[in-house]
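I opened a new page for this model. These are my notes on what I looked up.

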Amino acid sequence: MATTEYADFNGKWELDAALSDPPDEMLSMQGVGWLRRKMASAAQSLVATTVNMTPERMKVEINTPVMNRSEEFLLDGTPVTKDEDFLGIGSVTITSTWEDDKKVRHGASAPRSRSSGVAVG
């Protein structure tokens with residue numbers, strides 16, 4: 001039986017702020033307040049992320065000076081609803097799947113009818 005090789009993101013990752021867009025505009029579009037946007041911008045270069053994954057699920061731990069957060073994504077297309085009140089945007093439903101090019105596709109929708117898809121890989 002043939003096995004499918006998927007991208008492996010296991011490990012510890014650090015954000016390279018010089019190669020990244022500032023988060024302010026994206027957070028503003030999501031309705032995040034000015035103070036929280038400024039805090040996110042200030043902490044952007046200090047973000048450390050640890051990823052533990054299998055072909056079925058991905059667990060992401062995000063650590064910054066102002067918060068620590070853990071997220072788990074099912075990679076079989078099962079929608080998962082998460083409470084994002086700390087950002088002030090309410091609940092968000094996330095659907096994650098593997099794409100043909102071995103990338104993980106996340107689609108998110110929030111009560112304000114905003115939707116985004118982000119390919120990682």
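**Rings and charge**

I began with a charge: Lys-82 lies over the face of Phe-73, at 5.8 Å from the ring centre. To count, NZ of Lys or CZ of Arg must be within 6 Å of the ring centre and within 35 degrees of the ring normal.

The model is predicted, so local features need pLDDT of at least 70 and side-chain atom pairs 80 or more, while totals for chains, interfaces and linings use all residues. Residues are numbered from 1 along each chain as its sequence is written, and side-chain values use heavy atoms, without hydrogens and water.

I then looked for aromatic pairs and found one. Phe-9 and Trp-13 form it, tilted, with 6.4 Å centre to centre and 55° between the planes. Ring centres must lie within 6.5 Å, Trp counting by its six-membered ring; planes under 30 degrees apart are stacked, over 60 edge-to-face, the rest tilted.

Are the two partners buried or exposed? Phe-9 is buried at 12% relative accessible area. Trp-13 is partly exposed at 42%. Buried means under 20%, exposed over 50%, partly exposed in between (1.4 Å probe, protein chains only).

**Strands**

Next I traced the strands (DSSP runs of E, at least two residues, numbered from the N terminus). Strand 2 (residues 48–53) runs antiparallel to strand 3 (residues 57–63), joined by six bridges; pairing takes at least two DSSP bridges. A hairpin of three residues links strand 2 to strand 3. Asn-52 stands opposite Lys-59.

Strand 3 also pairs with strand 4 (residues 68–74), antiparallel, over seven bridges. Four residues lie between strand 3 and strand 4 in their hairpin. Here Val-60 stands opposite Glu-71.
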